[in-house]
Each structure stands twice: as structure tokens, then as C-alpha cells.
Amino acid sequence: MKKRGIIFTATALLTVLLGIYVYGCRPKETVIEFAMFNGSNWDVAVQESYSVIDKAIEKFEKEHAGVKIKYSGGILKEDYSEWMSERILKDKMPDIFMVLDEDFENYINLGLIENLDKYIAKDSDFDINKYYSEIASSGVFGGHRYALPYEAMPTLMFVNRTLLENFHLDIPSNDYTFNDFYRLCRMITLDRDLDGSPDYFGIYKYDWINAALSNDVELFSKDGKKSYFNQEKLAEAIRFVKSLESLNGNKNITKEQFDSGNVAFSQMSLAEYRTYKSYPYKIKKYTGFAWDCIPMPAGQSGNNVSMIDSLNIAISAKSNKKELAWEFLKTLTYDVEIQQTLYNDMPVASVLKEVMESKESENIFKENEDIIDSKLICHILENGSGKPKFSGYEGAISMADSKISKLNLGDDIENALRILQRQMSKYLIK
């Protein structure tokens with residue numbers, strides 16, 4: 001009995017040791033850390049902002065056995081830069097992360113973002129031309145590519161179709177001009193109750209920046225080191241916007257007036273439209289009139305160009321799992337299934353031509369009587385002008401806007417732009 005007990009104990013011990021050995025020798029799970037913020041990059045309300053990311057993670061993990069994607073939830077966009085800064089200071093950068101515009105250039109200059117040129121060059125399954133070119137170029141800085149686009153956001157001109165029909169006016173064609181647009185706004189701006197103030201208005205929220213883009217104006221160099229405010233084409237664009245404002249007696253048109261159906265046109269992002277035309281917002285807003293959308297009006301020197309923005313994703317230069325991070329980056333930004341889900345479920349546009357031109361995408365905007373032509377969205381993305389990503393852009397634009405907003409139609413706009421150009425040059429070299 002004693003001998004049998006010894007044998008049993010030895011067998012049990014051997015089993016335990018073998019189990020420890022097998023456990024120790026098993027393939028270790030590889031963890032890729034992904035950083036993102038909660039909600040929308042476009043300052044609109046969204047539900048389940050993680051749903052598309054979760055689907056991408058599920059697909060990636062199925063295709064890469066032994067690899068897990070980890071991310072921290074609940075980080076607000078306004079806290080994201082600070083959260084990333086803390087990770088950088090602790091030398092714990094995530095392997096792959098969303099990049100806010102204001103951080104992009106700084107991260108590159110600090111050597112924190114991986115140069116993607118070599119990954120693109122050697123990956124036979126990747127074709128950069130499948131993205132819209134202006135959107136793809138948003139991840140390029142100093143001639144090198146540091147990020148890929150995840151979401152696209154075009155700016156559109158929305159039309160109160162009902163109001164135009166009531167005025168017996170046709171919706172402008174997609175190649176309409178500054179002059180065409182001014183004429184329509186002038187015909188709509190009307191004081192029907194004869195109280196000395198217009199009751200209907202042509203335009204709400206149309207800025208000089210989009211007018212400049214439509215008049216072939218380049219405001220800054222790609223690197224943000226130079227500005228080009230002292231040019232006649234910009235003066236023409238500003239004069240056009242001021243002429244529209246003068247139709248209202250320079251009265252400030254409010255969002256409430258647009259919401260109530262008393263304004264014919266409004267500049268609006270695709271995110272704003274898709275958010276506020278969906279439940280539960282649609283029962284509160286824009287229920288009294290039908291919409292349509294068109295491109296921006298073209299200036300004499302330009303075309304019907306809109307600004308297009310993007311949210312980019314990059315790989316950490318300090319990651320020791322860069323090849324896997326590259327594969328996950330492609331799943332997020334280049335996988336047709338994931339990008340189609342993004343376009344279907346979120347108030348954004350896809351960055352891929354194939355998704356935007358798909359049969360499935362054609363039906364996304366067909367709700368009730370309001371139809372946005374999907375081909376128009378594709379055209380705007382194909383021909384739009386990308387929003388600059390250099391770190392001082394927002395500050396420079398804010399400075400310019402504070403000066404330009406104070407100008408009146410009768411002012412010497414050319415001289416004001418010469419002064420602004422000198423001020424901007426000093427600002428950009430700081």
C-alpha cells in the first residue's frame with residue numbers, strides 16, 4: 001500500500017509538472033493596443049460609437065489567431081489629447097491610434113508616428129488609389145505618409161426644397177455660380193408682412209472659407225509655413241459673402257429661423273444632416289419642409305468645390321508590433337466590409353471609392369421624400385479640397401475669421417487682406 005501511495009504521488013506530481021510545462025510553452029497571446037475617443041469627431045450626437053470598431057476587431061481577431069485588440073473606452077474627444085500626452089510621458093503609447101488634427105504635425109516632429117511609406121511599398125494587397133485622393137493626402141506630411149483615413153466628411157449646401165417651390169424657383173444645377181446663387185437669395189429674401197424686416201432669407205451659415213475654395217483660393221502652403229491671403233480671388237470670394245449678408249440688412253440669421261423653414265440654403269456637414277434627419281432628432285427638427293443637397297456655388301475663377309475633412313489613424317513609431325498594427329490599420333480603413341458598415345451606421349462618409357459607389361450605398365439616403373443623390377456625394381469627395389492638417393491651422397483660421405468677419409461690403413477689402421497677410425506671416429513663423 002505504501003509503495004502504491006508513492007507511485008500515486010509521483011504520478012500526480014509528474015502530471016502537475018507536465019501541466020506547468022505545457023502551460024508555459026503554449027503560444028502567448030499577442031495584444032495590440034488601439035487608442036480611440038468616444039463619440040463623433042464631427043461634434044454631433046452618435047449612438048454606439050464603438051460598434052464599427054468592435055466589428056473590425058472581431059473580424060481581425062478571427063483572421064489573426066492568438067492576437068487580441070485592446071482599447072480603452074469612455075475617453076471623450078476633448079480629453080483625448082491630454083490622455084495621449086500622459087501615455088507619451090509614461091512611454092506607454094498605444095500601438096495604433098486615432099490622431100486629432102491639432103496633434104498630427106506635433107507627433108510627427110516628435111518622432112512618435114511611424115512612416116508608412118515602406119509598408120505601402122511592399123504590401124501587394126494594398127492600393128492607395130482606392131481612397132479618394134484628397135482624403136488620402138491628409139495623412140501625408142513633408143512628402144511622407146504617416147496616417148490612413150478612417151472617416152470622410154464633406155461639406156454640402158443644403159436646400160429647403162419646399163421654400164423654393166413656394167417661390168416657384170428651381171433648385172440650382174450642380175454647376176451653378178456665385179451669380180446664380182446671389183440671384184436666388186435676392187429673390188427669396190422678402191418682407192412679406194411689410195414690417196421693414198425680411199421674413200424669408202436666402203442663406204444661413206455660409207462662410208468665406210468655402211467661398212474661397214470655390215474660387216480656386218489656396219490659403220496656406222501644405223506645411224503651414226506660408227499664407228496667401230493677399231490675392232484678388234480671395235477678395236472676390238469675401239465680397240460675394242458680404243453681398244449675401246447685405247441682402248439681410250446684415251442681420252444675423254439664426255439656426256432657429258433655418259429650422260423653422262424660413263431660410264432657403266445652409267452650409268452643412270454630412271454629419272449634421274445624417275444626425276438630425278434620424279430618429280429621435282427628426283421628430284423635433286426639419287419636419288416642416290423637404291430637403292435636397294447640392295455642391296457649393298462656383299466662383300468666377302473656380303469650380304463647385306467643397307471642403308472635405310477626415311479622421312486619420314496612425315501607428316506608433318515605438319510599437320514593437322508594427323506589422324500587426326499595419327494589418328489592423330488596413331482592417332479599419334481599407335476593408336470594404338468594415339468601411340461599408342461605417343457608412344451604413346455612422347453619420348460619416350467612407351474613405352473608399354468602392355464603398356461610396358456600391359449599390360448598397362445608393363439606398364442610404366432614400367428616406368421618405370428626401371433623397372440625396374449618392375453620386376453627388378461621390379463627386380464632392382472626388383473633387384473636394386482637403387482641410388489642412390498642420391498644427392497651427394485652427395489658430396490661423398480663427399485669427400483670419402476675426403478680421404474678415406468685421407469687414408463690410410463697402411470696405412477696402414484688398415487693403416485689409418494685405419494687412420492680414422503681414423499679420424498671418426508673423427503668426428505662422430512663431
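Are Lys318 and Asp91 buried or exposed? In this predicted model, Lys318 is exposed, and Asp91 is exposed too. Their side chains meet in a salt bridge, with an N to O distance of 3.4 Å. Lys318 sits in the loop between β10 (307-315) and α13 (322-333), and Asp91 in the loop between α3 (77-89) and β3 (96-99), so the contact ties together parts that are 227 residues apart in sequence.

The structure holds 25 salt bridges. One of them joins the side chains of Glu337 and Lys59, at 2.8 Å from N to O. Glu337 belongs to helix α14 (residues 336-345) and Lys59 to helix α2 (residues 51-63), so this pair ties together parts 278 residues apart in sequence. Glu337 has a relative accessibility of 39%. It falls between the 20% and 50% cut-offs and therefore counts as partly exposed.

Another salt bridge links the side chains of Arg239 and Glu414 (3.1 Å, N to O). Here two helices are involved: Arg239 lies in α10 (residues 232-247) and Glu414 in α19 (residues 413-428), so the pair ties together parts 175 residues apart in sequence. Arg239 is partly exposed, because its relative accessibility is 27%. Glu414, at 23%, is likewise partly exposed.

Salt bridges also form a network. Its linked residues are Asp101, Asp309, Lys387, Lys389 and Glu394. In general, side chains of opposite charge can pair when their charged atoms come close.

Notes. Residues are numbered from 1 along each chain as its sequence is written. This is a predicted model: local features need pLDDT of at least 70, side-chain atom pairs count only at pLDDT 80 or more; totals for chains, interfaces and linings use all residues. Side-chain values use heavy atoms; hydrogens and water are left out. A salt bridge is a side-chain nitrogen of Lys or Arg within 4 Å of a carboxyl oxygen of Asp or Glu. Helices (H or I, at least four residues) and strands (E, at least two) are DSSP runs, numbered from the N terminus. Buried means under 20% relative accessible area, exposed over 50%, partly exposed in between (1.4 Å probe, protein chains only).
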